[in-house]
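Thanks for coming. I have one model to go through today, and I will give the cut-offs as the terms come up.

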Amino acid sequence: MERLFPTHHVRKAQAVPALWTLTVPCLPAPVRVPVPSAWEMIPALHNYRGCAVYETQLACQGHTRFHFGGVSFRARVLLDGQELTTHYGAYTAFEAVARDVPAGMHCLRVEVDNRFGEDSALHIPNDYYSYGGITRPVTVESLNDVYVKQLHVTPIRHGEGWQAEVEAILCSLSDQPIACEVVLTAAGQTVTVPVSLAPGEEVAVTRVIDCPGVLPWEMDTPVLYDVSAELTMNGVAVDDLLDRFGFRTVAVQGRDILFNGRKIRIKGFNRHEEYGAFGCAVPVESMAHDILLMKEMGANAVRTCHYPNDPRFLDLCDEMGLLVWEESHARGLSIATMRLPCFMPQNLLCTREMVAQHYNHPAIFIWGCLNECSDDTDDGAACYRETFRLLHALDASRPMTAALLERAGGKVFADSDVVSVNLYPQWYYNAPVKEGIDKKLCEIEAGGGGEKPLIISEIGAGAVYGYHDPLGEAKWSEERQCTILREQIEAVLTHPKCSGVFIWQFADVRVDEGWAMSRPRTHNNKGVVNEYRQPKLSFRLVQELFHR
Ligand code: ADA
């Protein structure tokens, strides 16, 4: 299942085989593999970077929608040899709609390519691993002549009560004009709207619905409500789309981030979507376990560094009351990469898809983009400004930010709602942490950032799991990681002008081989748990500091 709850009562899903045939040039014969999964989980493909073909046979008929939660990282989808669509980027979903498919068995083929190259600006050799394969769930659905393509809901505080602004995008697959009705429901309140669609047309229907007697979504009482759009033609239900949402507000006031009108202080983790044995195709049980571990340590937030996450993880955060900084895909890009003609289109596409697909999650309190992407250059800063503008245009209900370089010249401090910086004092260089934060605050004021909230979006230190130095001095020992993290976290959380911290990082992650010389085990070892979630000594330390 692509979500943790049913997203349709009317629209019918087809069965999707659990095992598909994978053909890779370097394997002697095709193999049967689970979908979703990353192909690196097959020992012979541990370091494979190249092309591969996934195939499966399935029964379908009529208008058929193939929905891919994520393919890493270039995809070409074909049905019975006819191309339906292509997509770039591992971390956002896409659909392919085939019209009038004749009844019977059909061959669904997905050509996947994870090679780096000049046509890929976001997926590059990096301090995490760009896997290959169909890495998030696939669904196959039957459509009628008109379907609900997207459903957004925005909670609005209205006097002492709440309203929900619901927007449904309807899409016609017919050659004839269509007259139908859409029933919009939010938190049990319903409005019915007649709609006409020209052949092939897409139409947006928006209504503000009063929602009396609802409870707010809070971190300790994360109350969720249903939202839906149901289409009827001549009194017969022909399609629907369901989601969940929560009533809450997020605002920025001076140096504070206000959640439901109250100031919040972030105690968070950076988490890559990866688990030792499964790569980036993380099982949902492991996602829930990660949230339990983070909450056990006292965390109230997670940052989806450095790309949009699987919506099932976001569903769990919605249910378990963990705030999310979700960011579009980009980490540490050089200005040369940002000058590639493909960079801005790929960056803006990922940003657009992220907001469109994850808009309804109440746990997402802020959008992020462009982690440490040459924000110290004029050309880089211009890319930030354009991405910020897009984020504001797509969603006026949440603030936005970007995790900036420590050495940043302050070229974009004035442009984001919240200023965020990554700092590594005591790990990459020796300097008192508090001084580093004070220096940043001065730079932010001088750089036009004024009185804005400041988040320390990364701070941390490495430790190789199981490496101990009884004297606590050796870098990479679990003891030394604790000493450094203690100074860093105490300095941030006691600083009156900081809105909080995201520790780098929750769990160790695999990195590209190009990073091997500075990353023992070819992993980024700054996790407080290792890639199998075995806790390091720092687990208890963070628990103590976050619970103060
Ligand atoms: C960065 C970056 C992270 C990671 C970290 C580190 O600032 O944003 O992805 O590479 O540094 O471990 O050094």
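Arg 11 counts as buried because its relative accessibility is 6%, where buried means under 20% relative accessible area, exposed means over 50%, and partly exposed lies in between, with a 1.4 Å probe and protein chains only. Arg 11 sits in the segment before strand 1 (12–14). Helices here are DSSP runs of H or I with at least four residues, strands are runs of E with at least two, and both are numbered from the N terminus.

Before I go further, the conditions. This is a predicted model, in which local features need pLDDT of at least 70 and side-chain atom pairs count only at pLDDT 80 or more, while totals for chains, interfaces and linings use all residues. Residues are numbered from 1 along each chain as its sequence is written, and side-chain values use heavy atoms, with hydrogens and water left out.

Back to Arg 11. The side chains of Arg 11 and Asp 239 are joined by a polar contact of 2.7 Å. A polar contact is a pair of N or O atoms within 3.5 Å; within protein, one must be able to donate a hydrogen and the other to accept it, and residues adjacent in sequence count only if both atoms are side-chain atoms. Setting aside neighbours within four places in sequence, Arg 11 is in contact with residues including Arg 65, Glu 141, Tyr 147 and Asp 240, contact being heavy atoms within 4.5 Å.

A polar atom of the His 106 side chain lies 2.6 Å from the backbone oxygen of Pro 102. Beyond four places in sequence, His 106 touches Thr 56, Gln 57, Leu 58, Cys 60, Leu 79, Asp 80 and Val 101.

Next, the ligand. Which residues are closest to the ligand? They are Asp 127, His 306, Glu 372, Tyr 428 and Lys 526, out of 13 that surround it; a residue is near a molecule or strand if one of its heavy atoms lies within 4 Å of it. By class, the shell holds 3 nonpolar, 4 polar and 6 charged residues.

Some distances to oxygen atoms of the ligand: 2.7 Å from an N or O atom in the side chain of Glu 458, 2.9 Å from a polar side-chain atom of Asn 524, and 3.4 Å from one of Trp 504. The ligand on its own has 310 Å² of accessible area, and the protein covers 96% of that. Those areas come from the Shrake-Rupley method with a 1.4 Å probe, and for residues only the protein chains shown count as cover.

Arg 331 comes next, in the loop between strand 23 and helix 3 (335–338). With a relative accessible area of 14%, Arg 331 is buried. Its contacts outside four places in sequence include Asp 127 and His 306, along with Tyr 128, Asn 371 and Trp 515. The Arg 331 side chain also makes a polar contact of 2.7 Å with the side chain of Asn 126.

An open sheet is formed by 9 strands with parallel pairing, in the order 25-24-23-22-21-29-28-27-26. Strand 25 (400–401) and strand 26 (403–404) are the edge strands, each pairing on one side only. Two strands pair if DSSP finds at least two bridges between them. Strand 23 (residues 323–327) and strand 24 (residues 364–368) run parallel and are joined by 4 bridges; Val 324 has Ile 364 as its bridge partner.

Elsewhere, strand 13 (residues 178–186) and strand 14 (residues 189–197) run antiparallel with 9 bridges, and Leu 184 is bridged to Val 191. The two strands form a hairpin with 2 residues between them, and Ala 187 in the turn has a positive phi of about 45 degrees.

Two last items. Helix 8 (residues 538–546) is largely enclosed by the rest of the structure, because 7 of its 9 residues are buried. Those buried residues pack against strand 21 (266–270), helix 1 (284–296), helix 7 and strand 29 (500–503).

Leu 471, by contrast, lies in the loop between strand 28 (454–459) and helix 7 (478–493), and counts as exposed at 71% relative accessibility.

Terms used. Nonpolar A, V, L, I, M, F, W, Y, C, P; charged D, E, K, R; others polar.
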